[in-house]
Amino acid sequence: MALIVHKYGGTSMGSTERIRNVAKRVAKWVRAGHQLVVVPSAMSGETNRLLGLAKELSESPSARELDMIAATGEQVSSGLLAIALQAEGLESVSYAGWQVPIKTNSAFTKARIESIDDARVRADLDAGKVVVITGFQGVDPNGNVTTLGRGGSDTSAVAVAAALKAAECLIYTDVDGVYTTDPRVVPEARRMHSISFEEMLEMASLGSKVLQIRSVEFAGKYRVPLRVLSSFTPWDIPLDVEAKSGTLISFEEDEKMEQAVVSGIAFTRDEAKITVVGVPDTPGIAYQILGKVADANIDVDVIIQNVSHDGKTDFSFTVPRGDHARTMELLQSQVLPGLGAREVVGDTKICKVSIVGIGMRSHVGIASTMFKTLSDEGINIQMITTSEIKTSVVIDEKYLELAVRALHKAFGLDEVKA
């Protein structure tokens, strides 16, 4: 049978009863003949609780010590799961990231995995044990405990699956798969049976919260098949049913995928638009504006420069909403005085809506359908950006839900069984 990696999120590990159900689900797979490695997150709310204690003692605690503290949440859940598996009659052993070891760089609180030594894990698997490995963490070259940042357990699981050349990595979460869009906005949204890696990467980067984008990037680099499915389905459903449930993220662009021109609609409210008005239309002006922004580690997304009139133009771009005030202050104090521009204007009441689909490569007129749909609803498009398999527009935030519902219907996602 196959070597499978299971990953369970914080809600799945939220109580001893839920941990017991996770153990029963894992035991079902083992008894069917599979080798299992399990990567759990900390129990829901635990990481926030631990970091909150640190913040009570210091307004700016050491990043190294924050990692020491935060890493204990996954250590507890891994130990508890190993005990629950042993209570199910299985041999099981838990390891912290440094014990495997999962080797990372030294960027505390946002480390990146560099390599995984799989010898110890393989020896345990060959001995018939279920191996439980803490998600979210590793060890740097100096022996310090590191963490991978929010959602890092997804990345841990995919990295472990890649190192072990697992047949599949199953991400168990509190949703039952990837949907054509957020069902809370569009009740008619449908769960997709499969989606290509490229589409999932775009969906994750454009606002879909199902998977951490780094985990999708890792899966793409090492071609790890991923499946997103729910941990809240009964643990005793037949294995052959469970193994085909959820959404498979794969690398095969089969005929069924090609039939869907647009696979999904992603959106994010976490956007702010900044416009530098009356900029001299001269070479290097974009760098003069955005260079300082980049130096401040502020991510810029959509960029538009208007047509020049009388040697002047307007230059607009979007940043995360949380960086809006900092970006405005930086431009007004460091950029505007030497630029010769008239003013800087900010708008925090915008959002970004995107259509995604590999079918867009071979179909013309997709963008125009999007624009006509929004026009018919009286929605003004402020900015546009495109790639081979996505088109994104920036619009007024008050129209977000109307836009998503209208586009979902316009591209047949209400009816098409993706």
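User: Nice. Which residue forms a salt bridge with Lys390?
Analyst: That is Glu202, with the closest N and O atoms 3.9 Å apart. A salt bridge here is a side-chain nitrogen of Lys or Arg within 4 Å of a carboxyl oxygen of Asp or Glu. Before we go on, this is a predicted model: local features need pLDDT of at least 70, side-chain atom pairs count only at pLDDT 80 or more, and totals for chains, interfaces and linings use all residues. Residues are numbered from 1 along each chain as its sequence is written, and side-chain values use heavy atoms, with hydrogens and water left out.
User: Where do Glu202 and Lys390 sit in the chain?
Analyst: Glu202 is in helix H6 (residues 197-205) and Lys390 is in strand S18 (residues 390-396), so to speak of sequence, the pair links distant parts of the chain, 188 residues apart. Helices (H or I, at least four residues) and strands (E, at least two) are DSSP runs, numbered from the N terminus.
User: Buried or exposed, what does Glu202 count as? And Lys390?
Analyst: Glu202 counts as buried at 16% relative accessibility, and Lys390 counts as buried at 13%. Buried means under 20% relative accessible area, exposed over 50%, and partly exposed in between (1.4 Å probe, protein chains only).
User: Switching to aromatics. How many aromatic pairs turn up in the whole structure?
Analyst: Three. Among them are Tyr8 and Tyr172, whose ring centres are 4.7 Å apart with planes at 10°, so the pair is stacked. For the cut-offs, rings of Phe, Tyr and Trp (its six-membered ring) pair if their centres lie within 6.5 Å; planes under 30 degrees apart count as stacked, over 60 as edge-to-face and the rest as tilted.
User: What does the Tyr8 and Tyr172 pair tie together?
Analyst: Tyr8 lies in strand S1 (residues 3-8) and Tyr172 in strand S9, so the pair ties together parts 164 residues apart in sequence. Tyr8 is buried, at 0% relative accessible area, and Tyr172 is buried with 0% as well.
User: What about the largest nonpolar core, how many residues does it have?
Analyst: It has 42 residues, and those with the most contacts inside it are Val5, Val37, Cys169 and Met200. Such a core is a set of buried Ala, Val, Leu, Ile, Met, Phe, Trp, Tyr and Cys residues joined through side-chain atoms within 4.5 Å. H5 gives the most to this core, with seven residues.
User: What does Val37 touch?
Analyst: Leaving aside residues up to four places away in sequence, Val37 touches Ile4, Val5, His6, Val121, Leu125, Val131, Ile133, Val160 and Leu164. Contact means heavy atoms within 4.5 Å.
User: Now helix H2. Which of its residues are buried?
Analyst: Thr47, Leu50 and Ala54. They cover an arc of only 70° around the axis, which puts them on the same side of H2; the arc is that of the directions from the helix axis to the C-beta atoms. The buried residues of H2 pack against helix H3 (63-87). On the other side of H2, Lys55 and Glu56 are exposed.
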